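Take a look at the model below and keep it open while you read.

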Amino acid sequence: MFDNIEFLNKELFWLLLLIPIAVIWYVFKHNKQTAELKMSSIQGFKVTSSIWSKLRHLLFALRLIALGLLITALARPRTVDVSTKTKTTRGIDIVMAIDVSASMLAKDLLPNRLEALKKVAADFIDGRPNDRIGLVEYAGEAYTKTPITSDKSIVLRSMRDIKYNTIIEGGTAIGMGLATSVNRLKDSRAKSKVIILLTDGVNNGGFIDPKIASELALEYGIKVYTIGLGTNGTALSPISINPNGTFRYGRQQVEIDEELLKEIAEVTGGKYFRATNNKKLAEIYNEINKLEKTEVEEKKYYNYEEKYRPIVLLAGLLLLIELLLRNTIFRSFV
């Protein structure tokens with residue numbers, strides 16, 4: 001009943017302080033107006049108690065209730081129905097280029113680099129409801145996992161499906177991953193185009209030089225954020241495959257071409273990050289999320305419905321009842 005009700009003139013509720021003042025005045029006045037007759041004895045009189053004399057205070061109570069209702073009506077109660085229309089005025093197209101080489105199975109992030117990335121990247125995707133996102137996988141070669149789309153369910157499903165496989169040629173072709181991502185964005189009409197390129201190694205495959213790919217990104221107005229993934233020092237990484245198809249792990253030196261990643265980011269107007277653990281990786285994606293804000297125009301429409309009329313009518317009815325009772329039943333008492 002009282003959902004979404006607001007009062008336009010809340011300050012008028014201070015007038016309710018008049019009610020206790022009126023009660024005090026009424027009690028004081030009643031005591032002053034009550035006639036007293038002193039007698040030595042009332043044994044010869046029949047004592048009766050009339051209910052009408054007690055009910056005469058009802059008239060004052062009705063008047064106080066009517067006063068409270070009128071003050072509430074003056075405060076202008078009304079319901080508010082708010083409808084919101086959201087319009088994206090500055091959309092961003094994002095391609096996430098993900099290294100899926102065997103080294104992404106290293107266990108310096110938990111449970112491994114690839115699974116840690118998938119979890120953080122999924123949260124990032126969920127936090128971009130107004131943007132289009134695509135996925136590119138690369139190792140020794142690169143291919144598009146998901147073209148840029150606004151359907152986040154497709155992107156999230158594709159993200160969950162990313163895993164290391166032997167179909168893609170081994171190695172780390174950073175230039176190929178970046179060039180494929182540029183190809184996905186070059187015809188985009190979005191106001192802002194972004195690539196998030198993640199790798200845990202050095203460029204050792206593919207036939208496209210990463211520097212040439214970064215120049216292509218610059219030509220098409222694409223900003224590249226680069227992330228080097230891996231702890232400092234050594235990490236427990238796959239070193240060979242057992243006869244049953246599982247990996248054999250051993251300690252290996254973590255090698256990331258940070259100079260190349262910094263250069264790519266600098267040339268395209270992006271930024272380079274280094275993620276050495278799960279927490280740092282999550283912080284990096286949160287920072288990118290803050291750096292690349294989508295401008296959203298929100299319009300709110302307010303529909304007000306005044307509720308003071310029935311309160312005024314009720315107050316008027318109480319005053320009418322009080323007037324009728326005063327001039328009929330209680331006429332001889334008040």
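At the start of α7, a side-chain oxygen of D209 comes to within 2.7 Å of the backbone nitrogen of K211. Helices here are DSSP runs of H or I with at least four residues, strands are runs of E with at least two, and both are numbered from the N terminus. This is a predicted model, in which local features need pLDDT of at least 70 and side-chain atom pairs count only at pLDDT 80 or more, while totals for chains, interfaces and linings use all residues. Residues are numbered from 1 along each chain as its sequence is written, and side-chain values use heavy atoms, with hydrogens and water left out.

Stay with α7, residues 210-219, for a moment: its buried residues are P210, A213, S214 and A217. (Buried means under 20% relative accessible area, exposed over 50%, and partly exposed in between, with a 1.4 Å probe and protein chains only.) They sit on the same side of α7 because they cover an arc of only 100° around the axis, the arc being that of the directions from the helix axis to the C-beta atoms. The general rule behind such patterns is that an α-helix has 3.6 residues a turn, so residues three or four places apart point the same way. What covers the buried residues of α7 includes α6 (174-185), β7 and α8 (258-268), with contact meaning heavy atoms within 4.5 Å. After α7 comes G221, with a positive phi near 70°.

Now for the sheet. It is open and has six strands in the order β5-β4-β3-β6-β7-β10, with mixed pairing; two strands pair if DSSP finds at least two bridges between them. β5 (142-149) and β10 stand at the edges, each with a single partner strand, so one side of each has no neighbour in the sheet. From one strand to the next, the twist averages 15°.

β3 and β4 run parallel and are joined by seven bridges, and D99 has Y138 in β4 as its bridge partner. β4 and β5, by contrast, pair in the antiparallel sense over five bridges; here V136 is partnered by T144 in β5. A hairpin of three residues joins β4 to β5.

Which helices pack on these strands? α4 lies across β3, β4, β6 and β7, at about 175° to β3. α9 packs on the sheet too, touching β3, β6, β7 and β10, and its direction makes about 155° with that of β10. These angles run from 0 to 180 degrees between N-to-C directions, with axes as lines fitted to C-alpha atoms, for helices over the stretch in contact.

That brings us to the largest nonpolar core, with 35 residues, where M96, I227, L281 and Y285 touch the most other members. (Such a core is a set of buried Ala, Val, Leu, Ile, Met, Phe, Trp, Tyr and Cys residues joined through side-chain atoms within 4.5 Å.) The largest share, eight residues, comes from α4. Leaving aside neighbours within four places in sequence, Y285 is in contact with M96, L117, V120, F124, I196, L198 and I227. A second, separate core has 27 residues, including Y138, V254, I264 and Y272.

Last stop: D93, in strand β3. D93 is buried, with a relative accessible area of 3%. Its side chain makes a polar contact with the side chain of S188, at 2.5 Å. (A polar contact is a pair of N or O atoms within 3.5 Å; within protein, one must be able to donate a hydrogen and the other to accept it, and residues adjacent in sequence count only if both atoms are side-chain atoms.)
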